[in-house]
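Subject: Structure handover and notes

Hello,

The structure we spoke about is below, and my notes follow it. Please read them alongside the coordinates.

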Amino acid sequence: MLDKLIRKKGGREAAETPEGQNPGTREVPEHIAIIMDGNGRWAKKRALPRIAGHHEGMKTVRKITREANLLGVKVLTLYAFSTENWKRPKPEVEFLMKLPDEFLGTYLPELIEQNVRVEMIGDYESLPPHTKRAIRRAMDETAENDGLILNFAMNYGSRAELADAVKSIARSVDEGKVRPEEIDERMISAALMTAHLPEPDLLIRTSGEVRLSNFMLWQLAYTEFWFTDTLWPDFDEAALREAIDGYQARNRRYGGI
Ligand SMILES: CCc1cc(N2CCCCCC2)n2ncc(-c3ccc(F)cc3)c2n1
């Protein structure tokens, strides 16, 4: 089983672990981001159609959301559909675009009961109308909840997000609201779709793939990565706790030696 934590080196200044504090006693990650990979392979191993893997993966979304909320995680960002996924076969894309409605139709009452707030990052307007309706309803019906933020990255691509942020800042310069010399990291972070969220503390990617796939490239600058061979449909509460244990066991540094 390939479970490994790859710690980002270097980065922003921040206090070292205070003297005397046991580095293993770190808090639960405030923000966990997950690239939910391995659904098609899970189905193939069982001689099932790929959509069976996506459907099983949806049940894992429910399981991991509940566990993360119980553990005190504040934000859970799930990479559900990338801008590149439109290239998949039409029937698969059509099935995927129905999953938000199916997921919320089944689990929204449970999410509301758990005080979960549903949010989304990505290009909302380009989604099919039925997909937008389901997501909009879930966001509206959970807007007052102040528990875990369940943030779906839907029709999301980090480079497109960064390009939009640059355009927005360039417009502000054009309008005389911003001088070029004022543009800094903070202004760019504030122009991203995740401006209102803390940066991810822990990124988990399942199915053994070790790459970012155009996911939160700016926001993951200081994030610890956990890569596991476990396929997303098989990723259960114990697997989540193992990833969090791996995160807590490391003496996280934002730079310095
Ligand atoms: C549109 C692509 C997609 C795929 C997908 N899969 C398939 C691929 C990844 C594994 C999980 C199951 N899920 N699972 C939940 C949602 C969902 C999205 C938004 C929302 F508001 C509520 C639920 C979802 N969306």
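A nonpolar core here is a set of buried Ala, Val, Leu, Ile, Met, Phe, Trp, Tyr and Cys residues joined through side-chain atoms within 4.5 Å. Buried means under 20% relative accessible area, exposed means over 50%, and partly exposed lies in between (1.4 Å probe, protein chains only). This is a predicted model, in which local features need pLDDT of at least 70 and side-chain atom pairs count only at pLDDT 80 or more, while totals for chains, interfaces and linings use all residues. Residues are numbered from 1 along each chain as its sequence is written, and side-chain values use heavy atoms, with hydrogens and water left out.

Overall picture

The protein has 8 helices and 7 strands; these are DSSP runs numbered from the N terminus, with helices being H or I of at least four residues and strands E of at least two. Of the 257 residues in the protein, 46% are buried. Contact means heavy atoms within 4.5 Å. Among contacts with a separation of 6 or more, 80% are between residues 24 or more positions apart.

The cores

The largest nonpolar core has 44 residues, and the members that touch the most others are Ile-32, Ile-34, Leu-76 and Ile-204. Helix 4 (residues 99-113) supplies the largest share of this core, with 6 residues. Leaving out residues up to four places away in sequence, Ile-204 touches Ile-32, Ala-33, Ile-34, Ile-35, Trp-226, Phe-235, Leu-240 and Ala-243. There is also a second, separate core of 12 residues, which includes Ile-35, Tyr-79, Met-216 and Phe-227.

Helix packing

Axes are lines fitted to C-alpha atoms, for helices over the stretch in contact, and angles run from 0 to 180 degrees between N-to-C directions. Angles under 35 degrees count as roughly parallel, over 145 as roughly antiparallel, 65 to 115 as roughly perpendicular and the rest as oblique. A crossing is right-handed if the near helix is turned clockwise from the far one by less than a right angle, and left-handed if anticlockwise. For residue classes, Ala, Val, Leu, Ile, Met, Phe, Trp, Tyr, Cys and Pro count as nonpolar, Asp, Glu, Lys and Arg as charged, and the others, Gly among them, as polar.

Helix 2 (residues 50-71) packs against helix 8 (residues 237-248) at about 45°, with the axes 9 Å apart. Helix 2 is therefore oblique to helix 8, and the crossing is right-handed. On the helix 2 side the contact is made by Lys-63, Ile-64, Arg-66, Glu-67, Ala-68 and Leu-71, and on the helix 8 side by Glu-237, Leu-240, Arg-241 and Ile-244. These residues divide into 5 nonpolar, no polar and 5 charged.

Helix 2 also packs against helix 4: the axes come within 11 Å and cross at roughly 25°. This makes helix 2 roughly parallel to helix 4, again with a right-handed crossing.

Helix 4 and helix 5 (residues 129-142) pack at about 10°, with axes 10 Å apart, so they are roughly parallel to each other. Their contact has 7 nonpolar, 2 polar and 3 charged residues.

Individual residues

Lys-63, in helix 2, counts as partly exposed because its relative accessibility is 27%. Apart from neighbours within four places in sequence, Lys-63 is in contact with Asp-236 and Glu-237. The C-alpha atoms of Lys-63 and Phe-235 are 9.1 Å from each other, although the two residues are 172 apart along the chain.

Asn-214 lies in the loop between strand 6 and strand 7 and is buried, at 17% relative accessibility. Not counting residues up to four places away, Asn-214 touches Tyr-79, Thr-83, Glu-84, Tyr-156, Gly-157, Ser-158 and Arg-159.

Most residues other than glycine have a negative phi. Ala-47, in the loop between helix 1 (39-45) and helix 2, has a positive phi near 55° and is exposed at 73% relative accessibility. Ser-207 has a positive phi of about 80° and is buried, with a relative accessible area of 4%. Ser-207 sits in the loop between strand 6 (202-205) and strand 7 (224-228).

Regards
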